[in-house]
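Thanks for making time this morning. I would like to walk you through one structure, with the conventions stated as we go, and I will keep to what can be computed from the atoms.

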Amino acid sequence: MSATHILLLIGAYFIVLLSISYLTGKNDSNADFFKAGKQSPWYLVAFGMIGASLSGVTFISVPGWVEASQFSYMQVVFGYLLGYMVIAYVLLPIYYRLNVTSIYEYLDDRFGFVSYKVGAISFFVSRVLGASFRLFLVAIVLQQFVFDTWNVPFELTVTLSILLIWIYTFKGGIKTIVWTDTLQTLFMLVSVGLSIFFILRQLDWGFMDFLSSDELKQYSKTLFLNDFGDKNHFIKSFLGGMFITICMTGLDQDMMQKNLTCKTLKDSQKNMVSFSVILVIVTFVFMLLGALLFIYADKFQISIPVMDGKPKPDLLFPEIALNSGLGMTVAITFILGLIAAAYSSADSALTSLTTSFCVDFLGIEKKAENRRKKIRKATHIGMSLLLIIVVIAFKHILDTNVIDGLLQVASYTYGPLLGLFAFGIFTKHQIKDKYVWIVALVSVAICYILGKLPPENLGGYVFGYELLPLNGFITFLGLLLIRKKQTSNLNNPT
């Protein structure tokens with residue numbers, strides 16, 4: 001499939017998204033941009049969230065991770081399932097009761113101004129980095145397989161990618177995204193299914209032949225129970241996965257903004273529960289695809305692509321889909337799936353960053369009515385420029401598998417959010433609000449130091465994703481230290 005064909009396909013895809021944007025963004029109101037008028041059908045939100053949760057990171061990076069870590073990622077995913085139950089039955093009732101636009105308004109209600117801003121800043125940093133990780137991944141694929149052909153610089157590739165997202169979200173915001181995410185999830189799942197089908201046909205295997213093959217057994221070890229010091233040990237991965245979900249979904253404005261567009265709390269809970277079960281199944285299919293890619297590459301002598309002098313397993317899927325002779329159907333569906341997966345998370349990230357900055361930092365709801373739309377649109381442009389800068393920076397500093405890097409960053413940036421919300425929900429204490437930022441910084445610093453310690457200094461123990469709950473626990477302890485003396489006039493924490 002030539003670079004020109006890929007570009008034409010991308011162009012056609014965005015024409016479809018722009019058509020959806022036109023239909024959903026006619027009102028161009030802040031109410032639709034931030035909350036979609038609270039009229040989104042729960043099943044539509046649930047289906048669309050699959051694509052947003054998986055993103056281009058799962059679409060590319062999870063299959064590319066199989067060679068190094070086998071199916072160990074499924075241990076994290078099992079933890080996700082429990083985390084989603086906590087979100088559905090602990091966090092969502094709080095958000096609906098307070099009728100928040102930004103979920104960090106809860107911290108203002110519970111503790112005060114500084115806690116509110118610490119929570120909002122934690123999300124802002126986390127989401128900028130997380131969205132940039134995802135955008136970086138799709139940008140390097142487009143660069144490698146399309147724009148390098150025409151000597152287009154990476155910086156321009158990134159700028160064009162984010163410009164396209166801005167164009168179809170600047171009016172409808174979350175209302176547009178609920179619908180575009182549904183379409184993008186469909187494209188992504190069809191792409192994965194067809195890729196598996198055509199690769200199996202090329203290998204002259206049926207699906208059951210693949211599942212029972214010795215080749216799959218080389219990659220499919222799922223449970224790691226022997227060495228607790230190992231980064232991939234089941235308990236560490238499971239607990240890490242649970243807390244990653246609570247933080248990266250339940251305490252994340254991006255993901256919660258979609259849930260808050262449902263009509264009622266009950267609808268939102270149905271969305272969360274059904275989505276969580278389907279997500280586990282879909283992620284397992286991605287792991288199977290990853291193993292299949294390496295089996296196929298080994299049989300047909302396909303090397304892992306090299307970028308900037310380094311092997312990039314993240315690029316194996318596009319290399320096989322586009323350049324290994326599987327046919328035009330696989331190439332077309334791969335490109336559609338890649339774009340869908342990448343942009344289904346990136347567009348909602350841009351919208352949630354705009355929402356959080358407008359509500360949490362600019363206090364848009366306190367501004368004059370005739371200024372609010374201008375503020376929102378200017379902020380939307382500013383967030384787009386910020387993402388461009390960070391994605392370009394990643395090209396020069398990122399040296400790890402993208403999904404591994406994403407989860408490592410989450411361990412540091414979401415910890416203070418976890419500690420603050422846990423303290424607010426599970427205790428009745430008030431705190432000395434002005435010291436919260438110190439607690440948050442100290443907690444992140446301690447966890448960063450622990451994460452960087454050589455294993456030999458810890459008796460061979462390697463920190464993994466359990467750094468996130470540890471970070472939250474340290475924040476929780478710090479909040480205990482700055483709690484106020486008990487009085488009879490306490491806010492209701494829930």
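Predicted model: local features only at pLDDT ≥ 70, side-chain atom pairs only at ≥ 80, totals over all residues.

Residues are numbered from 1 along each chain as its sequence is written, and side-chain values use heavy atoms, with hydrogens and water left out.

The protein chain contains 20 helices and 2 strands, where helices (H or I, at least four residues) and strands (E, at least two) are DSSP runs numbered from the N terminus. Of its 494 residues, 59% are buried; buried means under 20% relative accessible area, exposed means over 50%, and partly exposed lies in between, with a 1.4 Å probe and protein chains only. Among contacts in the protein chain with a separation of 6 or more, 86% are between residues 24 or more positions apart, a contact being heavy atoms within 4.5 Å.

Now to a pair of helices. The axes of α4, residues 73–98, and α13, residues 265–299, come within 10 Å and cross at roughly 170°; axes are lines fitted to C-alpha atoms, for helices over the stretch in contact, and angles run from 0 to 180 degrees between N-to-C directions. The two helices, α4 and α13, are therefore roughly antiparallel to each other, given that angles under 35 degrees count as roughly parallel, over 145 as roughly antiparallel, 65 to 115 as roughly perpendicular, and the rest as oblique. By class, the contact of α4 with α13 has 22 nonpolar, 4 polar and no charged residues, where Ala, Val, Leu, Ile, Met, Phe, Trp, Tyr, Cys and Pro count as nonpolar, Asp, Glu, Lys and Arg as charged, and the others, Gly among them, as polar.

Two residues sit in these helices. Ser268 lies in α13 and is buried at a relative accessible area of 0%; not counting residues up to four places away in sequence, Ser268 touches Leu92, Tyr96, Asn259 and Cys262. Gln75 lies in α4 and is also buried, with a relative accessible area of 0%. Leaving aside neighbours within four places in sequence, the contacts of Gln75 include Thr222, Phe224, His233 and Phe238, and its C-alpha atom is separated by 8.3 Å from that of Ile235, 160 residues apart along the chain.

Finally, some backbone angles. Most residues other than glycine have a negative phi. Asn99, in the loop between α4 and α5, has a positive phi near 55° and is partly exposed at 49% relative accessibility. Asp204, in the loop between α8 and α9, has a positive phi of about 60° and counts as exposed at 67% relative accessibility.
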